[in-house]
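Colleague: Hi! Could you walk me through this one?
Modeller: Happy to, let's have a look together.

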Amino acid sequence: MDPDTPQFDIPLAEAWIRAIAAAVEKEQSRLTELDSAIGDGDHGSNLQRGFAAALTALDGLQPAGPGAVLTKTGTTLISKVGGASGPLYGKAFRAIGAALPEAAGPADVAEALSAGLDAIRLLGKAEPGDKTIVDAWTPAVAAFRTAAATGAGLPASAAAAADAAEQGARDTVPLQARKGRASYLGERSIGHQDPGATSTALVFRALADVTAA
């Protein structure tokens with residue numbers, strides 16, 4: 001790997017989690033509002049609590065590599081967050097962490113993010129179009145992978161992924177939910193943006209922001 005090429009290293013991994021925590025804190029009310037319409041109304045508060053706990057868990061941690069940062073984050077989310085979001089995000093970050101080498105370039109990050117998506121789909125049994133977190137995570141991974149394959153660096157790849165995740169979240173509005181609590185509403189779930197897809201967009205925008213800094 002070219003030593004002059006920006007890498008996904010420990011400081012960047014830590015910055016990503018801090019940025020996610022800040023974004024969730026800022027958007028907690030919006031996430032709660034979205035979840036109140038078609039879910040239990042606790043998505044914002046659950047994620048805020050979980051990522052705040054992740055920051056505490058990372059404080060003083062001496063990770064061997066960036067993957068350890070994300071693995072610790074995932075383990076904390078699983079143990080601290082209730083509902084569906086804790087296990088889904090927790091498994092995702094643990095899978096990303098397990099897949100990351102110590103010195104990760106764009107292609108490595110693309111594979112790690114894909115592993116995170118695989119973990120989400122395995123646990124949640126959701127497919128694109130089901131009006132879930134998968135509807136934002138899937139296009140984000142595809143966009144990141146495509147950008148990385150063309151030789152784009154981490155900032156450009158992450159920016160493409162963030163744009164795709166945000167579009168994916170918006171695209172859940174006309175969908176009828178087929179998974180999760182929202183599926184109980186049937187056609188009444190149409191017209192609402194999925195909260196999990198929305199928080200996924202925050203996760204990928206946070207990655208874009210820290211890689212661009």
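**A chat about the model**

Modeller: Let's start with Ala15, which sits in helix α1. Keep in mind that this is a predicted model.

Colleague: Is Ala15 buried or exposed?

Modeller: Ala15 has a relative accessible area of 18%, so it is buried. The cut-off for buried is under 20%.

Colleague: OK, new topic. Which residues have the most contacts inside the largest nonpolar core?

Modeller: Those are Phe8, Trp16, Leu70, Phe93, Trp137 and Phe144, in a core of 56 residues. At least two residues each come from α1, α2, α3 (66-80), α4, α5, α6 (134-149), α7 (154-170) and α8.

Colleague: Which helix gives the most to this core?

Modeller: That is α1, with 10 residues.

Colleague: What does Phe8 touch?

Modeller: Leaving out residues up to four places away in sequence, Phe8 touches Ala13, Trp16, Pro66, Leu70, Leu100, Glu102, Ala104, Val109, Leu154 and Leu207. Trp16 and Leu70 are also among the core residues with the most contacts.

Colleague: Let's move to α2. Why does its length agree with what a helix should span?

Modeller: The 16 residues of α2 should span 22 Å at 1.5 Å a residue, and its end C-alpha atoms are 22 Å apart, so the two agree.

Colleague: Which residues of α2 are buried?

Modeller: They are His43, Gly44, Asn46, Leu47, Gly50, Phe51, Ala53, Ala54 and Leu58. These buried residues pack against α1, α3, α4 and α8.

Colleague: Nice. What comes just after α2?

Modeller: Gly60 is there, and it takes a positive phi of about 90 degrees.

Colleague: How does α5 look?

Modeller: α5 has 19 residues and reaches 27 Å from its first C-alpha to its last, close to the 27 Å expected at 1.5 Å a residue. Its buried residues are Pro106, Val109, Ala110, Ala112, Leu113, Ser114, Gly116, Leu117, Ala119 and Ile120. One of them, Val109, is also touched by Phe8.

Colleague: What covers the buried residues of α5?

Modeller: The cover includes α1, α4, α6, α7 and α8.

Colleague: And what about the loop between α5 and α6?

Modeller: Lys125 is found in that loop, just after α5. Lys125 has a positive phi of about 55 degrees although it is not a glycine.

Colleague: Which other residue of that loop has a positive phi without being a glycine?

Modeller: Lys131, also in the loop between α5 and α6, has a phi near 65 degrees.

Colleague: Are those two lysines buried or exposed?

Modeller: Lys125 has a relative accessible area of 52%, so it is exposed. Lys131 is at 1%, so it counts as buried.

Colleague: Last topic: pockets. How much space lies in the largest pocket?

Modeller: About 560 Å³. Its lining has 29 residues, and Ala84, Ser85, Leu88, Gly180 and Arg181 lie nearest the centre. Two or more lining residues come from each of α1 (10-38), α2 (43-58), α4 (85-99), α5 (106-124) and α8 (195-212).

Colleague: Which helix gives the most there?

Modeller: α4 does, with four residues. By type, the lining divides into 12 nonpolar, 10 polar and seven charged residues.

Colleague: You mentioned Arg181. Where does it lie?

Modeller: Arg181 lies in the loop between α7 and α8. With a relative accessibility of 47%, Arg181 counts as partly exposed. Beyond its neighbours within four places in sequence, Arg181 is in contact with Ile38, Gly39 and Asp40.

Note on methods:
Residues are numbered from 1 along each chain as its sequence is written. This is a predicted model: local features need pLDDT of at least 70, side-chain atom pairs count only at pLDDT 80 or more; totals for chains, interfaces and linings use all residues. Side-chain values use heavy atoms; hydrogens and water are left out. On a 1 Å grid over the protein atoms alone, a cavity is a set of points where a 1.4 Å probe fits but cannot get out, and a pocket is an open set with protein on both sides within 12 Å along at least five of seven lines; lining residues have an atom within 4 Å of a point. Grid points are joined across faces, edges and corners, and a volume is the space filled by probe spheres set on the points. Ala, Val, Leu, Ile, Met, Phe, Trp, Tyr, Cys and Pro count as nonpolar, Asp, Glu, Lys and Arg as charged, and the others, Gly among them, as polar. A nonpolar core is a set of buried Ala, Val, Leu, Ile, Met, Phe, Trp, Tyr and Cys residues joined through side-chain atoms within 4.5 Å. Buried means under 20% relative accessible area, exposed over 50%, partly exposed in between (1.4 Å probe, protein chains only). Contact means heavy atoms within 4.5 Å. The expected span of a helix is 1.5 Å times one less than its number of residues.
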